[in-house]
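Visitor: I have this one open and want to talk through how it packs. Can we start with a pair of helices and go from there?
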Amino acid sequence: MQDGRAPRIKNRAPAAIQVTAEQLLRDAQERQESQFRAPKQRVEDFEELHEYQGRKREEFEKRIRQTRSSIKEWLQYANWEASQGEYARSRSVFERALDVDPRSVQLWLSYTEMELKGRNIQHARNLFDRAVTLLPRVDQLWYKYVYLEELLGNVPGARQVFERWMQWEPDDKAWQAYIKMEQRYNELDRASAIYERWVAVRPEPRVWVKWGKFEEERGNLDKAREVFQTALEFFGDDEEQIEKAQAVFNAFAKMETRLKEYERARVIYKFALSRLPRSKSAALYAAYTKFEKQHGTRSTLESTVLGKRRIQYEEELAHDGRNYDVWFDYARLEEGALRDLREEGATAEEEERATNRVREVYERAVAQVPPGGEKRHWRRYIFLWLFYALFEETDTKDYERARQIYETAIRVVPHKQFTFAKLWITFARFEVRQLRLPAARKILGTAIGMCPKEALFKGYIQLEFDLREFDRVRTLYEKYIEWDPTNSAAWIKYAELETQLEDFARVRAIYELGVSQPALSMPELLWKAYIDFETEEGEREKARALYERLIKISGHVKVWISYATFEAEPIPIARAMREEAEGEEDDEIPMVEGDPVRARQIFERGYKDLKSKGLKHERVVLLEIWKAFEEKYGTAEDVVRVQGMMPITSKRRIVDKETGQTVEDWDIVFADDEREANPTTFKFLQMAHAWKAAQAKSGSASTTALSGFAAASATNASANAQTDPDAQTNAEGTRHVPREKAEDGGSDVGSSDGDDEN
């Protein structure tokens, strides 16, 4: 335990004698030292008492002389005299203290408390009278004085004290205390008179509200209404005063609601809200909304809620007129109100007013044209025009007005800088719904001629396709491709159209034109679509020719993998043979099996091609897919052969061209690369792996996959056994790559027992 650590317990068996917690506490208590206590003095006779009192008085007088302004010393002195029963001396001390500080509230309270403890009631009254005369703004003294009189049952005296107090116009708690005292003795008329005096002193809304509630609780409803009406007359019709008196209006209306006078309450709410701006009457409007929800009809409730939401939207738009999300919500609100009126069977005049409100909102919204010439500012704005036109078309059935809206929107947009295909297409489809097909085609043709855009071509093509005008669709695709010949998706969609029309010669011609373009965006999509088309048609030779062309152009690892997979998997029979077999009952399309041997040859070609280009990572990807292929289609020897081609990680020392220092870097090393680059080193490593495999076989039964070097030595074991007996290996040995530095390769091959790192 010298280093502060707890001792290590070796014997954890229970002790023979057990100690309880109670015994531990008892021992701790006994060992504690007793605290020092002052000795008690016992007074045996009056002589000793007088001597003790004299000595204490001398001490107190001395302390008072030293700290004359300390009220604490005076209080201790006076309270000690009172404890000795010397009330005359205690009063003398208190009076001397009051001469020092006559405004000390604590001193007055202690003085009166001493008199009350000594049951000197009249002395206490005289003291309270002196205190409140000297300190009339100290409410605590008044409360104590009133409490004393009421405790003694002297209600008139307490009332008299309150009257003296009210002359000083104290705060609201004092008035409330006076009223509560009168209520305790059921003097309600006196309490009402006090309320009247209170509002005369402080004519604030909360005082009027309390007075009105008091009159309502005592059952004097006429008086309560009179109080509220007097309050409203006092505040007048000025906007500022009405805003101040919102609490009075709210309380007055709630009282009428409790009395089930709903119409009177509604009139009060509307009177106040009609004279206040919406921004200053949020609380009152919320109360009115709650009132209508509870006691109003459906129409009044909806009008109240709509009015409240209109106020909110107007406030937000006043802050930012180009907040288009608020305009959307505002327009949806008015449209919903119009639909509700129609469902309720409103009159034509009411429906016309609601329609005009919707149009007014939309007109105000579209007038907020975005600033600048950036399209991102217009993206939300353009939907206002679209929703406006749809409202006129679907809700009001005013098709001519909807057409005018579309035309105005097209004129507003600066098409030389940017355009919106959705606007043109929506306008054209509107004309189609009106059975004006030439007008729709003219609109889209104008759009393409003025500001060609991919979405416009797609929308126009889809329109003609829906109308089954395939010649027009072909013409549009030709225009589309002339405008952007690099768009692979356009070529693919054009070919898919011809496929649906079963014009396969045109399909192949389109694909050939597409792949022959010098520049394409994402050409791999077009080649894949072309190959998939030939595959679905059962033309394996044509698809193989396409793969060969694509390999010459690209040679990407994914192309080799797709080519080999294509050769291995079955494809449908040729369409001509398929049509001959249509008479059979079986609905399944006959398939032509793949050729794994040809697929394996493709993998070998791809591996050699990637190897010649020095693409190591791509070779690893190809080998992984090749291995999975051999596990599915090949034999165990084929799998071992591919596994033997797998690389290992290598740490090489290279010289940094910038710093000139030798640094270490990890690299992927293939067995065949090492064999070709460093045949001597590879032969040495091959013999080492063979020896390690033999040792592992004799020492343990673990069998794992061979590394690239071990597998290479295993596959060449039979060939090397006659010329180099030491190079014999066992293919079932444990995989191991020794960490040796190649003498002529300048590299370290890092591995360990187990799987190689890839």
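Guide: Start with helix 4 and helix 5: Tyr87, Ser90, Arg91, Phe94, Glu95, Ala97 and Leu98 in helix 4 meet Leu107, Trp108, Ser110, Tyr111, Met114 and Glu115 in helix 5. Keep in mind that this is a predicted model.

Visitor: At what angle do helix 4 and helix 5 pack, and how far apart are their axes?
Guide: Helix 4 (residues 87-100) and helix 5 (residues 105-117) pack at about 165 degrees, and their axes are 11 Å apart. That angle is over 145 degrees, so helix 4 is roughly antiparallel to helix 5.

Visitor: And is the crossing left-handed or right-handed?
Guide: Helix 4 passes helix 5 in a left-handed crossing.

Visitor: What does Ala78 touch, leaving aside its neighbours within four places in sequence?
Guide: Ala78 is in contact with Ser90, Val93 and Phe94, with neighbours within four places in sequence left aside. Ala78 itself lies in helix 3 (residues 71-83).

Visitor: How far apart are the C-alpha atoms of Ala78 and Phe94?
Guide: They are separated by 6.2 Å, with the two residues 16 apart along the chain.

Visitor: Is Ala78 buried or exposed?
Guide: Buried, with a relative accessible area of 0%.

Visitor: Let's zoom out. How many helices and strands are in the protein chain?
Guide: The chain has 38 helices and five strands. Of its 758 residues, 40% are buried. Taking contacts between residues at least 6 apart in sequence, 51% join residues at least 24 apart.

Visitor: Back to helix pairs. How do helix 24 and helix 25 pack?
Guide: Helix 24 (residues 454-466) and helix 25 (residues 470-483) pack at about 170 degrees, with the axes 8 Å apart. The two are therefore roughly antiparallel.

Visitor: Which residues make the contact between helix 24 and helix 25?
Guide: From helix 24 they are Glu454, Phe457, Lys458, Tyr460, Ile461, Glu464 and Phe465. Helix 25 contributes Phe470, Arg472, Val473, Leu476, Tyr477, Lys479, Tyr480 and Trp483.

Visitor: Now the rings. How many aromatic pairs are there?
Guide: The count comes to 40 aromatic pairs. One of them is Tyr362 with Tyr388, which is stacked at 5.0 Å centre to centre with 10 degrees between the planes.

Visitor: Which parts does that Tyr362 and Tyr388 pair tie together?
Guide: Tyr362 lies in helix 19 (residues 348-366) and Tyr388 in helix 20 (residues 381-394), so the pair ties together parts that are 26 residues apart in sequence. Tyr362 and Tyr388 are both buried.

Visitor: Which residues do ring pairs link into a cluster?
Guide: Trp142, Tyr143, Phe162, Trp165 and Tyr178 are linked that way.

Visitor: What about charges over rings? Where does the charged end of Lys375 sit?
Guide: Over the ring of Phe420, 5.1 Å from the ring centre. Arg540 likewise lies over the face of Phe566, at 5.2 Å from the ring centre.

Visitor: Is Arg540 buried or exposed?
Guide: Its relative accessibility is 12%, and buried means under 20%, so Arg540 counts as buried. Arg540 is in helix 29 (residues 540-553).

Visitor: What is Arg540 in contact with, leaving aside its neighbours within four places in sequence?
Guide: Arg540 is in contact with Phe566, Glu567, Glu569, Pro570, Ile571, Val592, Glu593 and Gly594. Phe566 in that list is the ring that Arg540 lies over.

Notes:
Residues are numbered from 1 along each chain as its sequence is written. This is a predicted model: local features need pLDDT of at least 70, side-chain atom pairs count only at pLDDT 80 or more; totals for chains, interfaces and linings use all residues. Side-chain values use heavy atoms; hydrogens and water are left out. Rings of Phe, Tyr and Trp (its six-membered ring) pair if their centres lie within 6.5 Å; planes under 30 degrees apart count as stacked, over 60 as edge-to-face and the rest as tilted. Helices (H or I, at least four residues) and strands (E, at least two) are DSSP runs, numbered from the N terminus. Buried means under 20% relative accessible area, exposed over 50%, partly exposed in between (1.4 Å probe, protein chains only). A charge sits over a ring if NZ of Lys or CZ of Arg is within 6 Å of the ring centre and within 35 degrees of the ring normal. Contact means heavy atoms within 4.5 Å. Axes are lines fitted to C-alpha atoms, for helices over the stretch in contact, and angles run from 0 to 180 degrees between N-to-C directions. Angles under 35 degrees count as roughly parallel, over 145 as roughly antiparallel, 65 to 115 as roughly perpendicular and the rest as oblique. A crossing is left-handed if the near helix is turned anticlockwise from the far one by less than a right angle, and right-handed if clockwise.
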